Amino acid sequence: MKKNMSSIRTWSKKATSALIMATVAFIGSASDIEAKTVPWQEIVEQSKGQTVYFNAWGGSEQINDYIDWATDQVEKRYGIALKHVKVSDTSSVVSRVLAEKVAGRKSNGTVDLVWINGENFRSMKQNGLLFGPFAEDLPSFQGVDPQEKPTTVLDFGEPADGLEAPWGMAQLVFIYDTDTFSRKQTTPPANASELLEFARKHKGRVTYPLPPDFVGTTFLKQLLSELTPEPGVLLKPVSEADFDAVTSPLWRYLDELHPLLWREGETFPANNLALTPMLDDGEILLSMTFNPAYASSAIASGELPETVRTYVHDAGTLGNTHFLAIPFNSDSTEAAQVVINFLLSPEAQAHKANPDVWGDPTVLSMSQLNGIERKRFSNLPLGPATLSPEALGKVLPEPHSSWVAELEEAWKARYRQ
Amino acid sequence: MSPLLKSGKWVSSGAVSSLLALGLLVLFILPVLAGVGSIMLPAFGYMPVLGFETFSFSSWQMLLETPALIQMLGLSLWTSASSTLLSLILAFGVICFAWGTPFWHKVQRWLAPLMAVPHVALAFGVMFVLMPSGLMARLIAVFAGWSFPPDWQTVQDSYGISLILLLVIKETPFLIFMMAAAVVQLPVSDTLRLGGSLGYQSGVIWLKLIWPRLYPMIRLPVYTVLAFSISVVDVALVIGPANPPTFAVQILQWIYDPDLANSLLAASGSVLLLLLVVSVIGVFYLTEWVMSRLLRSWLVNGHRGRFSIFWGSLSRKAWHGLVMLFLAGGSALLVWSFVWRWRFPSLWPDWSLRSWERAWDCMSEPIVNSLLIGVTATLAANTISVILLELNDFQQQQSKSAGKWLSLLTRGAMYIPLLLPQMTFLFGVQLLLLQWGAEGHWLTVTGLHLLFVLPYCFLGLSGPWQHYDQRHSLQGLLLSRSWLKTFVQVKLGVLWRPVMASLALGFAVSIAQYLPTLFASAGRVETVTTEAVSLVSGGNRRLIGVYGLVQMLLPFIFYVMAFFLSYWTIKNGCFARRLNS
């Protein structure tokens, strides 16, 4: 019955779409506005049987399992073959697509869908490497309210312009083990200067991920936001600021902090997930993550003890959104859009937000959803180590994405031995 | 050519066969040389494929301004030179104190598994043993009463000691294997008897009488070890220093930088890496030469030696330590793959099958890819090796000098991809693949694997082929009057065991390839090895345990199969022992 209905709907939509297409062809070149004019049902039809190579960071078991779940779903529902290409650094995907563009590979690109944000998005946008705009035409995008969550359309100060669709929310939180802390008779630091004191008290038990790792760089930006006298400057492009003057408090702070760190700050773990087993073993006392529910899901998967909790600095921590985008030379843009639309649907977002699955906060706004959809989210457990939205406190805005490269270069010049 | 032309029909077939052999060699060596060539122009600013169209030295300028460049180069140099020297000393120590004793059989038994285990899996295992919360620290913690892991720098230490240790575990068996192949060609037992009758201790006989003849025979394998360890990336990512990393790792990071100008930097870096390899090999060669001059009087000074026993027990202990670390690493992988919770300092984990259950679905595709690529590359490599060896043999029968010339040329060509730093020519090959749009297909990946699988298979088979007694084939030809029948039924029958061993070796080489897979696959063809390396960044030890173990088991299964097929065959539907086993 349902199938019949949908096929009738498809047929009528097809007819109208043909009409629209014909009109469009009259008015101007169809390819320019193709993404806007093709009705959704048409895109779904065309997506059937396409393969989507989804280049997404592959270091986390929970995330990989979630993408596996999505793979099964889009196969069943739309006949799309989703392939997770596990990359260890998203910047490598950007450089590959860029290289393909310069080499003249205008179609049949090796990447169909990429998990992205920040400076990688800016780089792809500036170099014209993205398909679209498409995001705001996706049916599921109706659940997004840019008023309530401005970072869903503003990526590190760079307008998304519909070239990427929001996938999940992130806020920097710190993780600690209450059991270890009570044995050591200590409390979590509430700001940058307390963190320095904490490191002095527990020499060799604090560290952060090696920049340019995403979380490592975020940690630097967090410190910078807290330490610099005028954090407002960070929201503008770095070229408009006096970099040395703005960042000098950060370097003074790090000069003091590094000798107190794990291995005396001579080396650093590769990324924030590498901190997890070290925290579990008590090799370090603090870990950090961009996903407020990560600690809860790590408890569920047995990677951390049930006694871990999360905390944020009193002045707030950096927050942002991560996105999905389609490279310009993908041959499966229809299927990629269908996959994104599915991943943005209340069902997929709620599954993702479950701390037993991944625990990634949703980009959807509850006010935009109907009762049943809202219930999917309100029924979710919060997770033992996840802070409530009130406890998460103030979200600090990300510095403009142009700060990232400069900060990383300056860090490397100072702290590579 | 002219003397060949005189003898009619045979000559033309001789010429055809040598042309065929040369053609195969050119086909094999072309991508390597093209790779090196295609990196040269970008290194000087010219890379039209990425939009850089003017020559400049700016990338060299950038290279020189790289923070900690000298440290990175020094690190690469130090880790490769010291690991090569240590492996060489250890391998020689084992050979000279074990040769002809029951201990030698024990050593031989461990060579195959040690050589077959992929570097990355071994690195994971060793990491699980040595890290501050690893097996070793847990054992000590029981007695010392630690409740938190010590602040040790036992893995990823900034001096690269853990990297050196790992390379020694991997390279010593390879050098022992190569030395053993060379030693059988020397009159060792006669020399030992003669030296012994003059009162020399056996260690001294090896050092003074056998080594000077042995070393030239293993010189090229030593250089390949040197070149490999300078440009190795996967192991350095797992267990090498991170801040700064070794130079090869830095080049990889440049290649994957979203700023395309860094591709030029990577190209210049690759050329610098090539220079580094050339100069290190040069220094090694010079040192050999100087040593052989300086030590000439020491060779004939008549000292019979004193510390033979000490050195003997030391190399025996070092070998045992090496095998123990390998076994402990393998067990650590096994244990971690079945762990639910295992916090420091506990010695006994909570068990669970969950990691295997969860990993299994995602693993099937990489496993299938690894098998497909490995089996194809191995079969192709062994077929080509046998054809080349047969053509060489044929030439040898036609004319001694031409045959010798061809076999030298073949051998030389085979060493080229092993002596050049992988990073340099593979980056070049990747640029070519990008231009042709040939990335991302499993056949492309197989082709690149072949560049490494073929040399090992060829070098492994060339010994047995040399020792083969041609009279068997002559007899066969007389009886069957068919070259093919003779080859299949007689020659392959006699050489069956080395061929099986070479198949297993080829597969093991293919499984371990990281950079060729990474560069040719564009991320689309995932193998167990690329998956395992990408897991490093996740720090999930249980998953690393699963992948490391699978990576370790795949080549092992092939070794067992090859071993079985060496001795057994299927006749009329049931197993029977092979004739010559």
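This is a predicted model: local features need pLDDT of at least 70, side-chain atom pairs count only at pLDDT 80 or more; totals for chains, interfaces and linings use all residues.
1. Chain B, overall form. The C-alpha trace of chain B spans about 80 × 65 × 65 Å along its principal axes. A compact globule of 581 residues would have a radius of gyration near 25 Å, and the 25 Å of chain B therefore agrees with that expectation.

2. Chain B, make-up. There are 25 helices and six strands in chain B. Buried residues make up 47% of the 581 in the chain. Among contacts in chain B with a separation of 6 or more, 77% join residues 24 or more positions apart.

3. Nonpolar core. The largest nonpolar core contains 276 residues, and A:Val339 and B:Ala248 have the most contacts inside it. Helix 19 of chain B (residues 442–467) gives the most to this core, namely 13 residues. Leaving aside residues up to four places away in sequence, A:Val339 touches A:Val52, A:Val74, A:Ile80, A:Leu82 and A:Leu113. Nonpolar side chains tend to be buried together in soluble globular proteins.

4. Chain A, domains. Domain 1 of chain A consists of 2–169 + 322–382, and domain 2 of 173–320 + 393–415. Taken over C-alpha atoms, the centres of the two domains are 31 Å apart. Each domain puts 18 residues into the contact between them.

5. Chain A, the domain 1 side of that contact. Helix 4 (61–78) and helix 6 (118–126) of chain A each supply at least two residues here. Helix 6 of chain A has the largest share, three residues. By class, this side of domain 1 has four nonpolar, eight polar and six charged residues.

Notes
Residues are numbered from 1 along each chain as its sequence is written. Chains are lettered from A and ligands numbered from 1 in the order in which they are written. A nonpolar core is a set of buried Ala, Val, Leu, Ile, Met, Phe, Trp, Tyr and Cys residues joined through C-beta atoms within 7 Å. A residue is buried if 20 or more other C-beta atoms lie within 10 Å of its own, exposed if 12 or fewer, and partly exposed in between; C-beta atoms are placed from the backbone. Helices (H or I, at least four residues) and strands (E, at least two) are DSSP runs, numbered from the N terminus. Two residues are in contact if their C-beta atoms, placed from the backbone, lie within 7 Å. The radius of gyration is taken over C-alpha atoms; the globule rule is 2.2 Å times the number of residues to the power 0.38. Domain bounds come from an automatic or database domain assignment. Ala, Val, Leu, Ile, Met, Phe, Trp, Tyr, Cys and Pro count as nonpolar, Asp, Glu, Lys and Arg as charged, and the others, Gly among them, as polar.
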